[in-house]
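Open the model in a viewer and keep the selection panel to hand. The stops below go from one selection to the next.

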Amino acid sequence: MARTFEDLVAEAASVSVDGWDFSWLDGRATEERPSWGYARLLGERMARASAALDVETGGGEVLAGVPRLATRTVATESWPPNLALATARLRPRGVVVVATGDERRLPFGDGVFDLVTSRHPVTTWWEEISRVLQPGGTYFSQQVGPRSAVKVTEFFMGPQPAGSGRDPELAGAAAEAAGLEVRDLRLESLRMVFHDVGAVIYYLRKVIWIVPGFTVDRYRTELRALHDRIQADGPFLAHATRFLIEARKPA
C-alpha cells in the first residue's frame, strides 16, 4: 500500500540529519555523481601529500574513505554535531579535527600544507587557502555549482534570479586573484530523482541552503501539493550542478 502523506512527513521530519551521510535516501532518491570521481582523485592526491588539510570536513565521511592519508592530515569543521561525528570517525586514523567558527581565518600558520581539500564548502576563503599552502602546494575541491537543484528551490519559493555566486568561472577568477594558478576547472549537471515527499523533506532538512529556513510546518501546503503530484505523475525530477577545481600555488 502507498504510504500516506502524514506518515511520510512524520518519518522524514523526525530522522536525524547529522553528518553528511545520505544512505537514508537509498531506494527513495537518487543523484548522479560527477564523471571525474572526486573520492578517487582525492585518494590519489592524499597518497602523494606529506601534510594535508581538509576544510569543512562535515562528518568526516569522505576523508574517512581515503585509502591512504597524508603523513600528517588535519580537518576543520564548524557545526558541533558534525564536529563530534568527524572526531569519532577520523581520530582512529590519526586525523586531528579542529573546531572553527565564522571567522575568515584558518587556525594554521603560513605555508603549512602541501595539499588543501574541500568537498562542497559553504564558502571558499581563497586568500586563506593560498596563505596556508606551501609554494608548489595544491588546492583540490568539488563544489556546488550554479543554480543547483533550482527546480526544488523554485517549487517551494517561486522563481529565483539567474545569477549565482557559485559560478565556476568566478571561483577560478577568485583563485587567481589570491595568487593561485588554476590547473583544472570542470562543470557538470546531474540528474536528481525524488520518489516520495519524505525524501524531499529529508534532503531539505540536511542541505539547508536549497530552501533557506525550511520547516515542515512552514511549507506544509507545498509539501502536500508535491506529494499529490508524485502520486499522480511519478517521481519529482531536478538537476544538481557540481564543479571541480584544482589550483596550484606557484613554487
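Start with helix H2 (residues 38-48) and show the side chains of Tyr 38, Leu 41, Leu 42, Gly 43, Arg 45 and Met 46, which are its buried residues. Buried means under 20% relative accessible area, exposed over 50%, and partly exposed in between (1.4 Å probe, protein chains only). The cover over these residues includes helix H3 and strands S2 (51-54), S3 (72-77), S5, S6 (133-144) and S8 (236-248). Helices (H or I, at least four residues) and strands (E, at least two) are DSSP runs, numbered from the N terminus. Contact, here and below, means heavy atoms within 4.5 Å.

Before moving on, note that this is a predicted model: local features need pLDDT of at least 70, side-chain atom pairs count only at pLDDT 80 or more, and totals for chains, interfaces and linings use all residues. Residues are numbered from 1 along each chain as its sequence is written, and side-chain values use heavy atoms, with hydrogens and water left out.

Select Asn 82 in helix H4. Asn 82 has 6% relative accessibility and counts as buried. Which residues does Asn 82 contact, leaving aside its neighbours within four places in sequence? They are Asp 18, Gly 19, Gly 58, Gly 59 and Glu 77.

Next select Ser 130, which belongs to helix H5. Ser 130 is buried too, at a relative accessible area of 8%. Not counting residues up to four places away in sequence, Ser 130 touches Ala 178, Leu 180 and Lys 249.

**Salt bridges**

How many salt bridges does a search of the whole structure find? The search gives 18, where a salt bridge is a side-chain nitrogen of Lys or Arg within 4 Å of a carboxyl oxygen of Asp or Glu.

Show Glu 61 and Arg 89: they form one of these bridges, with the closest N and O atoms 3.5 Å apart. Glu 61 lies in helix H3 (residues 61-64) and Arg 89 in helix H4 (residues 80-90), so the bridge ties together parts that are 28 residues apart in sequence. Arg 89 is partly exposed, with 34% relative accessible area.

Go on to Asp 110 and Arg 131, whose side chains form a salt bridge at 2.7 Å, N to O. Asp 110 sits in the loop between strand S4 (96-99) and strand S5 (113-119), while Arg 131 is in helix H5 (residues 126-132); the pair links distant parts of the chain, 21 residues apart. Are the two partners buried or exposed? Asp 110 is exposed at 57% relative accessible area, whereas Arg 131 is buried at 14%.

Then pick Arg 183 and Glu 181, which meet in a salt bridge of 3.5 Å, N to O. Arg 183 counts as exposed at 53% relative accessibility, and Glu 181 is partly exposed at 33%.

For a network of salt bridges, select Arg 3, Glu 11, Arg 28 and Asp 196 together.

**Ser 14**

Ser 14 is found in helix H1 (residues 5-14) and is exposed, at 59% relative accessible area. Draw a distance from its C-alpha atom to that of Thr 153, 139 residues away along the chain, and the value is 22 Å.

**The two domains**

Colour domain 1 (1-31 + 196-234) and domain 2 (32-149 + 159-190 + 237-249) separately; these bounds come from an automatic or database domain assignment. Their centres, taken over C-alpha atoms, are 28 Å apart.

At the interface, nine residues of domain 1 contact 15 residues of domain 2. The domains bury about 1000 Å² between them, 54% of it on carbon and sulfur atoms. Buried area is the accessible area (1.4 Å probe) that two parts lose on being put together, summed over both. On the domain 1 side, select Trp 20, Glu 31 and Trp 209: they lose the most area to domain 2, together 61% of what that side buries.

Two salt bridges are counted between domain 1 and domain 2. Finish on Arg 33 and Glu 31, whose side chains meet in a salt bridge at 3.7 Å, N to O.
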